Each structure stands twice: as C-alpha cells, then as structure tokens.
Amino acid sequence: MDYEKSNFQKVLEAGKFAITAEIGPPMSADAENVREKARELAGVVDAANVTDNQTAIVRMSSIAAAYLSQGEGVEGIVQMTMRDRNRLAMQADILGAWALGLKNLLVLSGDHQTFGNHPQSKNVFDVDTIQFLQAINRLQEDGVFMGGSKCKHPPKFFLGATVNPFADPLELQVIRLEKKIDAGARFIQTQCIYDLERFDRFMDMARARGLHERAYMQAGIFVNKSLKSIQMTQLVAGMSVPDEYVKRFEQAEDVQAEGIKIAVELIAKLKGVDGIKGMHIMAVGWEDIVPEIVKQAGFLPRPIL
C-alpha cells in the first residue's frame, strides 16, 4: 500500500537541518490548550514531539494531542513510553495513530511512576524500548504482530529513539544507541546538552562505529527560564550541567534573556558537530519562546518539501 512520508522524514532525507520542539499535553481535556501551543510553533519547526504522560503525571493522550496539533499545521511526533502499556495496548495504539495520519513515532522508557502524581500505580514495562522497536520494525516490514498473526495494512512510521550521552558508563550508552539503531530507529534525539566536552567524547565513539551515518541524530537543547530552572536541571539524574551556566543565571540582570542566549550559543556550537543533523528544542512550559530561539539561531524559514 502506497503512503506518503512525513514532512520530518522528508526534511532529514533531503539533507536539510531538522528543527523540532515539544508540545506538552495539558493535565485536562482542554483541546484548545494543545491547539494554542501548536499555533505558536506552526511554520517554525518541522515537527513537534508530543509527550506521553511526561514526568509520570496524567495528561491528555499523546496520540490525541498530536492529532490536534496536526490540525493546526504542526506535524506530530508521537511519544510512546514503555512504562504504561503492555504489548497488546501499544500495538493497538500505534495502529490507531497511523490511522489518524500520524507518521512519526518516538519510543522511550518513560519516567518512573514514583516521580509523578500516581506513585501507587503499577508500571508495565512488558517490553523495553529495543524490543518494541524490533517489534514495530517487524510489523512494518513483514506485516507480523508480536504474537505472530498477520497485519493486512501495517503502519509505516518514521521511527525514533532517545539516547543519554551523560549517563554512566559512557561506553554502555553508545552500545545502547547502536542496539536501538539495529532495532529500527531511524532518528535519534539526545538528552539536553550542556557539557560539550562529554558530548564530544560520546560523538567520537558513535562516529567510530559509524552510527552517525545510520540514523539522523538531533542534539537536545533545553531552554531554562529561571535560576531555579537550571538549578533543578543540574540536579536531575543523568544530566551534566557545568557550574558556569548556573553562575551566569545568578549574575544575569534578565534571567529569561540569559536562558535564550545560552540556548542559542549551544545551538551554534552543536550544529557544526559531525553527525548532528538537527536540533530538538525543549522549552517545557515556555513554548512561545521557541520561535525567537529558532529565529536567532538562523533556522528560518523552514524548508517546504
């Protein structure tokens, strides 16, 4: 069955530098909340991740919110965590997402439920990210579900995964990245980057294995809005935020302007790294600043393919 590739996939395959952002669905059934966030990003990014119960807090479905976003001209990247569903539910959801016209899928583990507002809930983790990527790839290529039955009209998602270059040991993160690519991930989004020296070491190891040529890698950029924001970011497990950035916020007369300046500086340094094919900008709760950052970084206008 013929299908049209997503705009996000077309941009990357055309050799263009891809720009994505994030839309965090609301903790309610307010569709206008999603539409408003999407309108702020329309024409500014090539696609937007729509998070899946981010920070283990109940929010509107990522599939529903991605569908609403596409109605406002922002192509969705559906996030799907392994935390909340078994293989039956996950396969049902991806069939539904594809049927709704959603073409990009990012598979990730998800924050542990004890961090969220339902710490008493049971996590699932029926399969891990690598296993599920393998399962989707088999479904898409061979038309076979995880249980062995055939699928008459399988989806054809542009599949993605994440990697954290700042978790230890570093060698293990490169191995996990390679396994995710082997399993079918076509694009990779990194954890937010502040520690450029550590990231350079990670990319050296990834390039040595040829991974930068096997998947499209996007560098993650987090936009901090306040001193408290960057202090909390520094405390997150698996993050590496040099003290110099915290000091810049402490000394800044305008902390929001400093947050924008740091994000644009990091983008300028990262966009020239061999193997980086795009930026993923995370401005959680501050989506309306993304157009200004994309503009200052020199990424407008976006390609139309």
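How much space lies in the second largest pocket? The second largest pocket holds about 220 Å³ of space, a volume being the space filled by probe spheres set on grid points that are joined across faces, edges and corners. The structure is a predicted model, in which local features need pLDDT of at least 70, side-chain atom pairs count only at pLDDT 80 or more, and totals for chains, interfaces and linings use all residues. Residues are numbered from 1 along each chain as its sequence is written, and side-chain values use heavy atoms, with hydrogens and water left out.

A pocket is defined on a 1 Å grid over the protein atoms alone, as an open set of points where a 1.4 Å probe fits, with protein on both sides within 12 Å along at least five of seven lines; lining residues have an atom within 4 Å of a point. The second largest pocket is lined by 14 residues, and Asn137, Gln140, Glu141, Phe157 and Arg186 lie nearest its centre. H5 and S5 are the elements that give two or more residues to this lining, and H5 gives the most, with three. Helices (H or I, at least four residues) and strands (E, at least two) are DSSP runs, numbered from the N terminus.

Aromatic rings were examined next. Rings of Phe, Tyr and Trp (its six-membered ring) pair if their centres lie within 6.5 Å; planes under 30 degrees apart count as stacked, over 60 as edge-to-face and the rest as tilted. Trp98 belongs to helix H4 (residues 87–99), whereas Phe157 lies in the loop between helix H5 (129–142) and strand S5 (158–163), 59 residues apart. Both Trp98 and Phe157 are buried, a term for under 20% relative accessible area (1.4 Å probe, protein chains only). Together with Tyr3, Trp98 and Phe157 form one aromatic cluster.

Phe199 and Phe202 have ring centres 6.2 Å apart and planes at 25°, so they are stacked. Phe199 is buried, with a relative accessible area of 0%, and Phe202 is buried, also at 0%.

The strands form a closed barrel of eight, in the order S1-S2-S3-S4-S5-S6-S7-S8, with parallel pairing; two strands pair if DSSP finds at least two bridges between them. Strands S6 (residues 187–192) and S7 (residues 216–222) run parallel and are joined by four bridges. Gln189 has Gln218 in S7 as its bridge partner.

Technical notes:
Buried < 20%, exposed > 50% of the residue type's maximum accessible area, 1.4 Å probe, protein only.
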